[in-house]
Amino acid sequence: MDLILDPSRDALEVFAKYGGGKAKNLASVAALGFTVPEFVCVSSMALEQFSSQQSSQNALDANLPDGERAIEELFCSRPLPEALARELQRTLTDKGWGDTWLAVRSSGLDEDGAEHSFAGQFSSFLFQRGFESISVAIRKCWASAYSDRALSYRRQKGLETRALRMGVVIQRMVSCEKAGVAFSRNPIRPLDRDHALVSSVWGLGEGLVSGELDADHFEVNRETLGIAKIDTAEKTHAMRHAAQGGITRVELEAHLRSSPSLSSQEAQGVASLCVELERRLGSPQDCEWGFESGKLYCLQT
């Protein structure tokens with residue numbers, strides 16, 4: 001089996017078994033016809049190969065140092081498995097991604113399930129470009145499975161803390177003018193069955209997800225898509241693409257600070273997307289979205 005999974009070729013069952021929660025959900029959404037940025041996924045089998053490719057007889061997991069930084073340094077000091085390196089080079093060429101900004105996102109195999117959620121505990125790296133940067137980001141994603149926070153959560157839940165399994169999503173980066181999260185059911189008022197909640201910021205959505213930036217909030221009727229309430233924040237900063245890769249926090253232009261980051265029509269479009277995701281997937285959804293050049297993308301759900 002290939003070490004890099006492609007939704008245009010591989011079945012959903014393969015993503016569910018080897019891709020992890022984030023990759024499986026993206027593949028499901030893409031298969032349903034929603035607008036998702038093009039992506040592939042490094043199979044969890046690649047981490048298993050990486051873990052066992054040292055000269056000693058012991059697996060990598062048996063010799064992990066203490067501390068997140070030391071673990072990351074260990075992972076980055078070792079090359080990718082040769083088979084994965086070849087497939088990664090071929091994929092970047094075949095997709096025309098040699099000079100394209102990409103997102104590299106961890107996708108744990110027990111992530112975002114009905115019983116467990118590792119939201120915010122694994123690493124993601126935005127605006128990465130070229131084989132070397134992507135390969136480093138992959139290894140850092142793998143290392144994040146062994147972060148103090150993730151391991152503590154595993155111990156609390158009685159989950160395995162060695163020989164961890166993780167896929168890595170590699171996705172075309174959407175350079176959002178505005179972005180955020182949407183809930184098909186209002187999480188602030190659980191008894192409210194009539195409204196979806198859309199939260200948005202200028203620029204990339206990472207500042208909202210991390211809680212670093214204040215956001216605008218739109219309550220939208222699930223049936224009629226009428227706007228029931230708008231709370232507009234005073235927004236002083238945005239997360240945007242850093243020239244050399246990654247993201248940077250910048251001061252917002254004065255005229256954007258008190259302006260809603262979405263028009264009513266855009267907020268309705270996001271709410272409609274989230275409600276339709278719920279209908280098609282069969283359960284309430286929490287989705288990340290973004291607008292690039294006026295086009296709405298579902299980034300993950």
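## A charge over a ring

The charged end of R129 lies over the ring of W101, 3.9 Å from the ring centre. A charge counts as over a ring if NZ of Lys or CZ of Arg is within 6 Å of the ring centre and within 35 degrees of the ring normal.

This is a predicted model: local features need pLDDT of at least 70, side-chain atom pairs count only at pLDDT 80 or more, and totals for chains, interfaces and linings use all residues. Residues are numbered from 1 along each chain as its sequence is written, and side-chain values use heavy atoms, with hydrogens and water left out.

## Aromatic pairs

The whole structure holds six aromatic pairs. Rings of Phe, Tyr and Trp (its six-membered ring) pair if their centres lie within 6.5 Å; planes under 30 degrees apart count as stacked, over 60 as edge-to-face and the rest as tilted. F15 and F39 make an edge-to-face pair, with 6.1 Å between centres and 70° between planes. This pair links distant parts of the chain: F15 is in helix α1, F39 in strand β2, 24 residues apart. Helices (H or I, at least four residues) and strands (E, at least two) are DSSP runs, numbered from the N terminus. F39 is buried, at 3% relative accessible area. Buried means under 20% relative accessible area, exposed over 50%, partly exposed in between (1.4 Å probe, protein chains only).

The rings of F50 and W142 are tilted, because their planes meet at 45°, with centres 5.0 Å apart. F50 is in helix α3 (residues 44-52) and W142 in helix α6 (residues 131-144), 92 residues apart. F50 is buried at 1% relative accessibility, and W142 is buried at 0%. Ring pairs also gather F50, F75, W142 and Y146 into a cluster.

## Around F15

F15 belongs to helix α1 (residues 12-18). Its relative accessibility is 0%, so F15 counts as buried. Contact means heavy atoms within 4.5 Å. Beyond its neighbours within four places in sequence, F15 contacts residues including L5, D10, A27, F39 and C41. The C-alpha atoms of F15 and C41 are 8.2 Å apart, although 26 residues separate them along the chain.

Two strands pair if DSSP finds at least two bridges between them. Strand β1 (residues 4-5) pairs antiparallel with β2 over two bridges. I4 has V42 in β2 as its bridge partner. Four bridges join β2 to strand β5 (residues 166-172), again antiparallel. There, C41 is bridged to V169 in β5.

## The six-stranded sheet

Six strands form an open, antiparallel sheet in the order β9-β8-β7-β6-β12-β13. β9 (227-231) and β13 (295-300) are at the edges, each with a single partner strand, so one side of each lacks a neighbour in the sheet. The twist averages 25° from one strand to the next. Axes are lines fitted to C-alpha atoms, for helices over the stretch in contact, and angles run from 0 to 180 degrees between N-to-C directions.

Strand β8 (residues 216-221) runs antiparallel to β9, joined by four bridges. H217 stands opposite D231 in β9. Helix α10 (residues 264-281) packs on the sheet, touching β6 (178-183), β7 (195-202), β8, β9, β12 (286-292) and β13. The direction of α10 makes about 140° with that of β12.
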